[in-house]
Amino acid sequence: MNTLPALDNLLHARTGPMTTELVQRPAAFGLGLGRVPARLAPVATTNTVCGFCSTGCSLRVHLDAEGQAINLSADPDYPVNLGMACPKGWEALTPLAAPDRATTPLLRTARGAPLAPVDWPTALATFTDRLQSIQRDHGPHAIAFLSTGQIMTEEMALLGALFKFGLGALHGDSNTRQCMATSHVAYKQSFGFDAPPFTYADFEESDALIFIGANPCIAHPIMWQRVMMNRRQPEIVVVDPRATETAQAATLHVALRPKSDLTFLYGLAHLLIARGAVNPAFIAAHTSNYDAFAAFVTTFTPAHTAAETGISLATLHRLVDIIATRERVSFWWTMGVNQSHEATRTAQAIINLALMTGHIGRPGTGANSITGQCNAMGSRLFGNATSLLGGYDTTNAAHRAHVAATLGLDPALIPDRPGYAYDQILDAIERGEIRGLWVIATNTAHSWINQSRARDLLAKLDFLVVQDMYATTETAQLADLVLPAAGWGEKEGILINSERRLAVAKKVSRAPGQALSDFAIFKLVAEAWGCGDRFRAWSSPEATFQILKKLSAGQPCDFTGIRDYAHLADSGGIQWPCPVSAVAASAPTPTSSDAQLSAPNAPRPAQQRRLFADGKFFTPDARAHFHFDAPRPMPEPPDADYPFILLTGRGSSAQWHTGSRTDKSAVLRKLAPTVLTAEINPDDATRLGVATGERVTVRSRRGTAEAIALVTPTVQPGQIFLPMHFGTVNQLTFPSFDPHSRQPSYKACAVAVAPVA
Ligand SMILES: Nc1nc2c(c(=O)[nH]1)N[C@H]1C(S)=C(S)[C@@H](COP(=O)(O)OP(=O)(O)OC[C@H]3O[C@@H](n4cnc5c(=O)[nH]c(N)nc54)[C@H](O)[C@@H]3O)O[C@H]1N2
Ligand SMILES: Nc1nc2c(c(=O)[nH]1)N[C@H]1C(S)=C(S)[C@@H](COP(=O)(O)OP(=O)(O)OC[C@H]3O[C@@H](n4cnc5c(=O)[nH]c(N)nc54)[C@H](O)[C@@H]3O)O[C@H]1N2
Ligand code: SF4
Ligand SMILES: [Mo]
């Protein structure tokens, strides 16, 4: 084992310069900084991309003489956020300084013993000894990992490659399964590649924007700002059981019954066909299977659709009018669609509407899945979970050979089948098949569905490693070994936003104590494990970026035209695809002072690019395919004992998921309730004798949560809304999954509500 020299280098490197491109711009610091003590006066500024949501806003971080971040402001020159940021972005530096950061590795030496600090060599030796002994006793596939859409692309690629091609294991998945798996599968089947087609300019260029199961006011506030900048007097339609902040700002709110979306969308298709509001030329030239789809939707009559969804005929006709008459119609969806027992077909029903009307490939159109986490797109392309690095097919021998050759590896090292999905990994733990688990940048013991079982299974493991910024997360508290990770702002790499834009996140702060970047930890594991030679070329994040670039060559996501990090930084980020021809065709741009340091005269591709302008899709016949299936009933409908449907989702723009980062900011804590709040309709509240501010229990067949009632007409009678940011919420949720994407259906289960006596 040859870890020590590498470790020395890594720890030493932490004391070096924070960023390689400190740009002197003293004149820029007059604004926004207030009274900064002289010793903290910024001497430089650098641009980075936000590490919370998938919008991918650019932030200008102001640095002291040592290159440490002092504070930040929103970047006015970036094509995504145009000088805006939401509260999480403005507060992005605060969670880095939290007192509960993991600053050394922590080890539990016996069951029930507390976690105690150990040094890195001990942590690495324990990691390899325990996981290798599990593999010896139970086979190579008895260990698994669960990772994230919140680390750098280079980090997720290295993890996936290390685990499968180095540690010789098969099963690894990420929280992207909870989030974007449905979009991934839906696009892949319909378009031939996981390719969200839009660019953010489409928010401004649409005549009608139809949001389905999406609440961008809260979850993607800066995308919503872009909608507000639309000057075409657009219709804004929100399809959501709740009158969300977004629905309240819409021109039409379609408050359908939870999980009736598939019927609703087929009903719209039926009406569009009946009205002759389809685009036969587009269908004939660019799609397949339309006739079967048209025949299938004949039974989705307006009367049937209205009865199943609770939507009036007048509303159905008004919406069909909008789609039929507006020139540029765009469809947008998020978790209200992706988290469902029939999610993939629902997403494809949206895609089908865009295809049959030809609303795709033109400005202001598209069947557009909005991503969730800052790098969900990176994990979809390079997580090495469902598909092989770079979107290749792991079951295809030619693809495996190509990836192996690009990486300089023996093809035999590349597994010929995908590993288990998240839920299947947990099932395998239950069976005793998987006994060691490595959890990276996700908080399973809060965010996974049906928590009691999830926690029982984590406790059943022989060895649980958690690699996180904080030792206090629910999952870290259950770990046998905690590896302290640097977070966003303390390391560098590429994040890919919802519109496929690659951008560089920079190191602007030193990680605390002995915390290391995930990249560095993966490299150390490779050395400790004895497979470091296979990853020699992955010597730094930027060297890894060059490897990923090679893997992208010739794929729909080809970004070989991006020269390096400096090129990206100078270009306002770059959307894929960006093959060499995309930049060769464009003129050199005037260089900014950033560029003069390292990327003189690198040509920029156009800043806003959408896919499918030529009507050619990524399927073998270049046609988009219509997919459909009959709707199925909700797996756990309400009944006499559990009469309410529980909806869950984002509570406020200040709260991020399980709160491990956002709860550390006093500013963000002031912007949202700090206790679990249950939103309930006034009719139900009156019937139950509950008033706002009073305590209620929300009970399902799996658990009970206590909450404070918030009586509001924004939820329909018979429904309850709980924000996901509180640990008890997933005690209640019912574990059902979409059969194609295996994404959990977090947003529908049966509960009972009662006042606390
Ligand atoms: N502030 C903040 N922003 C975030 C996040 C965060 O935690 N906090 N997380 C990020 C991530 S990872 C994600 S994935 C996105 C999620 O972004 P969104 O999907 O927009 O957020 P959610 O609140 O989960 O769900 C959206 C809506 O789906 C509705 N819904 C529930 N059931 C149904 C149904 O059956 N049909 C329809 N049509 N709608 C339904 C809910 O009422 C809810 O308003 O947000 C990202 N942005
Ligand atoms: N009921 C219900 N449950 C849901 C949802 C819902 O709508 N309803 N939504 C689901 C969705 S869409 C999602 S995406 C998931 C999110 O669920 P999680 O992924 O579990 O949520 P986070 O709180 O974002 O957890 C990320 C963890 O990574 C750590 N971390 C942050 N940055 C780094 C880093 O750079 N390195 C390392 N090693 N660690 C880091 C953080 O401290 C945190 O502990 O929740 C899902 N769960
Ligand atoms: S909208 Fe998303 S990317 Fe932009 S500042 Fe807020 S959290 Fe960050
Ligand atoms: Mo998500």
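Student: Which residues are around ligand 3?

Tutor: A residue is near a molecule or strand if one of its heavy atoms lies within 4 Å of it, and here the residues around ligand 3 are Cys 50, Phe 52, Cys 53, Thr 55, Gly 56, Cys 57, Ala 85, Cys 86, Lys 88, Gly 89, Pro 221 and Ile 222. The elements that give two or more residues to this shell are helix 2 (87-90) and helix 8 (221-228), where helices (H or I, at least four residues) and strands (E, at least two) are DSSP runs, numbered from the N terminus. This is a predicted model, in which local features need pLDDT of at least 70 and side-chain atom pairs count only at pLDDT 80 or more, whereas totals for chains, interfaces and linings use all residues. Residues are numbered from 1 along each chain as its sequence is written, chains are lettered from A and ligands numbered from 1 in the order in which they are written, and side-chain values use heavy atoms, with hydrogens and water left out.

Student: How many residues of each class does the shell around ligand 3 have?

Tutor: Ala, Val, Leu, Ile, Met, Phe, Trp, Tyr, Cys and Pro count as nonpolar, Asp, Glu, Lys and Arg as charged, and the others, Gly among them, as polar. By that scheme the shell around ligand 3 has eight nonpolar, three polar and one charged residues.

Student: In what order do the three strands of the open sheet stand, and what is their pairing?

Tutor: Strands of a sheet pair through backbone hydrogen bonds, either parallel or antiparallel. Two strands are said to pair if DSSP finds at least two bridges between them, and in this open sheet the order is 17-18-19, with antiparallel pairing. Strand 17 (493-496) and strand 19 (574-575) stand at the edges, each with a single partner strand, so one side of each is left without a neighbour in the sheet. Strand 18 (residues 501-505) pairs with strand 19 over two bridges in the antiparallel sense, and Leu 502 has Ile 574 of strand 19 as its bridge partner.

Student: What is found at the peptide bond from Trp 576 to Pro 577?

Tutor: That peptide bond is cis, with omega near 0°, and Pro 577 lies in the loop between strand 19 and helix 25 (580-584).

Student: Which residues touch the most other members of the largest nonpolar core?

Tutor: A nonpolar core is a set of buried Ala, Val, Leu, Ile, Met, Phe, Trp, Tyr and Cys residues joined through side-chain atoms within 4.5 Å, and buried means under 20% relative accessible area, exposed over 50%, partly exposed in between (1.4 Å probe, protein chains only). In the largest core, which has 126 residues, Phe 264, Trp 438 and Trp 576 touch the most other members. Helix 22 (residues 518-529) gives the most to this core, with nine residues. The core draws at least three residues from each of domain 1 (106-167 + 375-597) and domain 2 (181-370), with bounds that come from an automatic or database domain assignment. A second, separate core of 43 residues includes Ala 92, Cys 217, Val 227 and Trp 656.

Student: Is helix 10 mostly covered or mostly exposed?

Tutor: Helix 10 is mostly covered, since twelve of its 14 residues are buried, among them Phe 264, Tyr 266 and His 270. Its residues, 261-274, reach 20 Å from the first C-alpha to the last, close to the 20 Å expected at 1.5 Å a residue, where the expected span is 1.5 Å times one less than the number of residues. Helix 10 is followed by Gly 276, whose phi is positive, near 70°.

Student: Where does Asn 384 lie, and is Asn 384 buried or exposed?

Tutor: Asn 384 lies in the loop between helix 17 (376-382) and helix 18 (397-407), and is buried, with a relative accessible area of 2%. Although Asn 384 is not a glycine, its phi is positive, about 60°.
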